[in-house]
Amino acid sequence: MKKLAETDKLTGLFNREKLDRTLSSLLKSSNFGFILLDIDYFKEINDTYGHLEGDKALVIVSNKLKSVSPSKALCARWGGEEFVIIIEGATLDETKEVATTIITDINGIYFHEKRLSVSCGVTINHSDDNTLTVIERADLALYRAKKNGRNRVEYNE
Ligand SMILES: Nc1nc2c(ncn2[C@@H]2O[C@H](COP(=O)(O)OP(=O)(O)OP(=O)(O)O)[C@@H](O)[C@H]2O)c(=O)[nH]1
């Protein structure tokens with residue numbers, strides 16, 4: 001029952017509620033790396049192949065995120081085509097490394113003869129953070145990754 005309440009139905013990743021709870025709790029207890037990740041040109045996938053195919057792409061990306069992330073990482077669907085990965089105890093460099101592996105591996109997947117790609121915004125926790133400030137830093141980095149051409153990682157320390 002608890003598992004269902006914590007899980008995103010389509011992708012099987014953790015859902016937003018679980019993510020929010022985990023983030024609040026980690027902010028009180030531990031250092032962590034944080035990746036905000038967004039599928040590139042996802043609207044085009046939906047518009048070209050239809051919503052159901054778009055859903056399949058979401059599942060493919062989610063499975064890859066699960067398999068590539070360290071076992072201690074929490075992978076969640078943030079909403080739509082956005083995902084979050086939290087890695088307890090990870091440094092900025094370690095988190096960037098995970099994000100880079102994700103970018104590379106996802107870009108190796110062909111979906112209807114086109115390569116999938118994602119953009120990542122990376123940050124780590126600060127001592128005076130709250131959930132919003134962490135997300136905001138990652139979101140600004142993600143925005144830069146999109147602006148600088150997508151299929152790439154940017155970070156905000
Ligand atoms: N198939 C499917 N589509 C979704 C779901 N949630 C959100 N979307 C679609 O995701 C798309 C997001 O598009 P945009 O925010 O414009 O982003 P984008 O096309 O990926 O462009 P960039 O992020 O700038 O590369 C929209 O077309 C939404 O309808 C879902 O659960 N399933």
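Biologist: Which residue in E7 is the bridge partner of Val122?

Modeller: Please bear in mind that this is a predicted model. The bridge partner of Val122 in E7 is Tyr155. That pair belongs to a set of three bridges that join E6 to E7, and these two strands run parallel.

Biologist: What is the order of the strands in the sheet?

Modeller: The sheet is open and has five strands, in the order E2-E3-E1-E6-E7, with mixed pairing. Strand E2 (74-79) and strand E7 (153-155) each have a single partner strand and stand at the edges, so one side of each lacks a neighbour in the sheet. From one strand to the next, the twist averages 20 degrees.

Biologist: How many bridges join E2 to strand E3, and in which direction do the two run?

Modeller: There are five bridges between E2 and strand E3 (residues 82-88), and the pair runs antiparallel. Arg77 has Phe83 as its bridge partner in E3, while Ala76 has Val84. E2 and E3 form a hairpin with two residues between them, and Gly80 in the turn has a positive phi of about 50 degrees.

Biologist: Which helices pack on the sheet?

Modeller: H4 packs on the sheet and touches E1, E2, E3 and strand E6 (118-124); the direction of H4 makes about 155 degrees with that of E2. Helix H6 (residues 131-147) also packs on the sheet, touching E1, E6 and E7, and its direction makes about 145 degrees with that of E6.

Biologist: Which residues of the largest nonpolar core touch the most other members?

Modeller: As a general idea, nonpolar side chains in soluble globular proteins tend to be buried together. The largest nonpolar core here has 41 residues, of which Ile35, Ile85, Ile86, Ile102 and Cys120 touch the most other members. Leaving aside neighbours within four places in sequence, the contacts of Cys120 are Ile35, Leu37, Ala99, Ile102, Ile103, Leu142, Ala145 and Val153.

Biologist: Is Leu142 buried or exposed?

Modeller: The cut-off for a buried residue is 20 or more other C-beta atoms within 10 Å. Leu142 has 26 and is therefore buried. Leu142 is placed in helix H6. Residues up to four places away in sequence not counted, Leu142 touches Leu36, Asp38, Ser119, Cys120 and Gly121. The C-alpha atoms of Leu142 and Arg152 are separated by 9.0 Å, the two residues being 10 residues apart along the chain.

Biologist: How many residues surround the ligand, and which are the closest?

Modeller: The ligand is surrounded by 16 residues, the closest being Asp40, Phe42, Lys43, Gly54 and Gly80. Strand E1 (32-39), helix H3 (42-49) and helix H4 (51-68) are the elements that give two or more residues to this shell.

Biologist: How is that shell made up by class?

Modeller: By class, the shell around the ligand holds eight charged, four polar and four nonpolar residues. Gly80, one of the closest residues to the ligand, is also the residue in the turn of the E2 and E3 hairpin described above.

Notes: Residues are numbered from 1 along each chain as its sequence is written. This is a predicted model: local features need pLDDT of at least 70, side-chain atom pairs count only at pLDDT 80 or more; totals for chains, interfaces and linings use all residues. A residue is near a molecule or strand if its C-beta atom, placed from the backbone, lies within 6 Å of it. Helices (H or I, at least four residues) and strands (E, at least two) are DSSP runs, numbered from the N terminus. Ala, Val, Leu, Ile, Met, Phe, Trp, Tyr, Cys and Pro count as nonpolar, Asp, Glu, Lys and Arg as charged, and the others, Gly among them, as polar. A nonpolar core is a set of buried Ala, Val, Leu, Ile, Met, Phe, Trp, Tyr and Cys residues joined through C-beta atoms within 7 Å. A residue is buried if 20 or more other C-beta atoms lie within 10 Å of its own, exposed if 12 or fewer, and partly exposed in between; C-beta atoms are placed from the backbone. Two residues are in contact if their C-beta atoms, placed from the backbone, lie within 7 Å. Two strands pair if DSSP finds at least two bridges between them. Axes are lines fitted to C-alpha atoms, for helices over the stretch in contact, and angles run from 0 to 180 degrees between N-to-C directions.
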